[in-house]
Amino acid sequence: MGKQFEKKEMLKLYLWTLSYFKPFMLLTFVYVLCGGAMIFGEVLIPRRMGYLIDHVLPMKSTNILINQIFILGGIVLLILLAKGSFYFLEQIISNKIIKNQQTDLMLKLQKLGFSYYEKVPTGQILSLFENAVRETQQTYTFLFPQFIYCLAQFAVPSIILIIEEPIFFVAAMIGNIIYVFLNQRANKKIHHYLGVETKAAHVSQQSLYDAIVATNELKAMGSKEWFIKKTIEDFNQFRIPRMWSTFWRHFRFTTVGLTLTISIVLFYLFGLDLVKNGELLLGEFIGYGFLMGLVSRGFSVFFYIIPAQYHALNYAKQLYEFMNLEPDVSEDKNSLDAQLDSFDVEFKNVSFSYKRDQPILNNISFKITSGKKTAIVGESGSGKSTLLKLIGRFYDVTEGEIAVGGHDIKQLKLKNLRQNFGYVFQDTYLFHLSIKDNIKFGKPDASDDEVMQAAKRANAHQFIMETECGYDTVVGERGIRLSGGQKQRISIARMLLKEPQIILLDEATSALDNVTEAAIKQSLNELSEGRTLITVAHRLSTIMEYDSIIVLEAGEIVEQGTYQSLIDNQGVFYRLAMRGVENEI
Ligand SMILES: Nc1ncnc2c1ncn2[C@@H]1O[C@H](COP(=O)(O)OP(=O)(O)OP(=O)(O)O)[C@@H](O)[C@H]1O
């Protein structure tokens, strides 16, 4: 039952992998034709050679000999042409498939969005896009073409031998059966080690990723030795099974030579007897020898390909599962394709949990009127960032409704919803591009002057001009060449350039000093004039003139009002504010 199920699953997986050939049916057909022509030529040559030896040479006619050599040359040319076209088409088709597959994966990754990035470690995503993609794509570049080719290379000469001289087919199959018998254990071992290797590849890749990204943390904590030991252990989990799978694969290769020798010996034993008895001509004998070689080759490569394909399917399974993941947030088919004309944000009895039975937000209701400034405050872990993520629909509410401009956000097209948002996250990611492009990301068609104005308003112009190439300076991967505060300013410039109707700031100025923060606040104030601004703030002194402050505690709203009214209330907000004052002292 279990094995039956596994076979069914594997077949489904294989058909899914092959479905990428579908858009290229015509090319694939021509490709198969070329493969057919190759096999046809490979089978024809030994037969023409046999004819040459048995019938042409005894005639001692130079003209006929030359004719026959030309025919042979023509067949060789046909094989060469077919082979060239076969491999050329193989490249074209596999490249097209790889491109389509990669595009599908990228689109899927985008669709899965924020929640997927938060759930799955980056190293694991990289492993999927690196290892799983590379191994699966072997199906297109090598395994499937060779599967078809070897099947034909085995089947066509086998049929000829069975019809004409079955004893030679028997000789070939004896060697083949011994090969299968000897390799049963090897195949099981290879299958086992490849399975372990596939799983360990993820862990090893994650380790590598951590080693690169966390270099500074590890040095600072003096944990280098510990981490190196751990990385080596993780890598061994991958290296040792790989070593064994390679050993068994080599073992299998060695047995090919051995079993082929058995077939050849049998072929000579049976064949020479037939020649001696006059039942077979010498040329025919040589020709059948070639055909037998094709049968053995086709068979052994075929048996090499099956476990290799199985291995590739183990990786394809990861891609298949990834492609079939349901995004946490999806667009309704009948979603409203309309531009918003009002930007109120309303929470109606919203509850939310990342995991079942672990509520993060509980029965939250509030309304932010278009153009007003609202701050969300609360202890660490009270759910402030989560609340912002829900407004941007990075997650869907578990209960209740969020409305923007009077529409339930679930009923709006994601594009229409998000184009109205400008989001500055706690951590700013900078692309490995110039500073200019990193700012332009907020509005791709912005002019250089607009970029510069936005940077000036974000208090970033001065430090940008001090970098090596100004706005053209490439900020290395993850923007490591800039300080936390500088990265935040680029992110704010991005948002200022976009000029969104709803501004969401998640501790957007936490890495800035007081002077810079005050300067940026001025720009944000100007920008937020007439726009809805919702900010998660830790430094309460920055939100004194906000229209409303929502105080969260353990996922619930415990207070709401203006700064002064909350201070007068002497409740949770008052205590938070007092603590903040103490900290600043
Ligand atoms: N992607 C996630 N999956 C599961 N739990 C999460 C996820 N993100 C946050 N949480 C949990 O949700 C709770 C609220 O987190 P959130 O980041 O919203 O709090 P916060 O008030 O913004 O905290 P801080 O001020 O420290 O940034 C925390 O207990 C956190 O561990």
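Start by selecting residues 285–306: this span is 100% helix and 0% strand, and its end C-alpha atoms lie 32 Å apart. Helices here are DSSP runs of H or I with at least four residues, strands are runs of E with at least two, and both are numbered from the N terminus.

Before you go on, know that this is a predicted model, where local features need pLDDT of at least 70, side-chain atom pairs count only at pLDDT 80 or more, and totals for chains, interfaces and linings use all residues. Residues are numbered from 1 along each chain as its sequence is written.

Next, pick residues 140–160, also 100% helix and 0% strand, with end C-alpha atoms 30 Å apart. In an unreviewed entry, UniProt lists 140–160 and 285–306 among the places it calls "transmembrane region"; such annotations may be inferred rather than shown by experiment, feature names are shortened, and positions follow the numbering used here.

Now click A155, in helix α4 (residues 122–164). Is A155 buried, exposed or partly exposed? A155 counts as partly exposed because it has 15 C-beta neighbours inside 10 Å. (Buried takes 20 or more other C-beta atoms within 10 Å, exposed 12 or fewer, and partly exposed is in between; C-beta atoms are placed from the backbone.) Show G298 too: it is 143 residues from A155 in sequence, yet 8.2 Å away in space, C-alpha to C-alpha.

On to some strands. Colour β1 (residues 345–353) and β2 (residues 359–368), which pair antiparallel over 6 bridges; pairing takes at least two DSSP bridges. They form a hairpin with 5 residues between them, and D357 in the turn has a positive phi of about 65°. Find E346 and its bridge partner in β2, K367.

Which residues surround the ligand? Among them are E118, Y354, I360, K384 and T386 (each has its C-beta atom, placed from the backbone, within 6 Å of the ligand). Helix α9 (residues 384–391) gives the most to this shell, with 3 residues.

Finish with the largest nonpolar core, which has 61 residues; A455, A493 and L504 have the most contacts inside it. Such a core is a set of buried Ala, Val, Leu, Ile, Met, Phe, Trp, Tyr and Cys residues joined through C-beta atoms within 7 Å. Helix α14 (residues 484–498) gives the most to this core, with 6 residues. Another core lies apart from it, with 43 residues, including C150 and F299.
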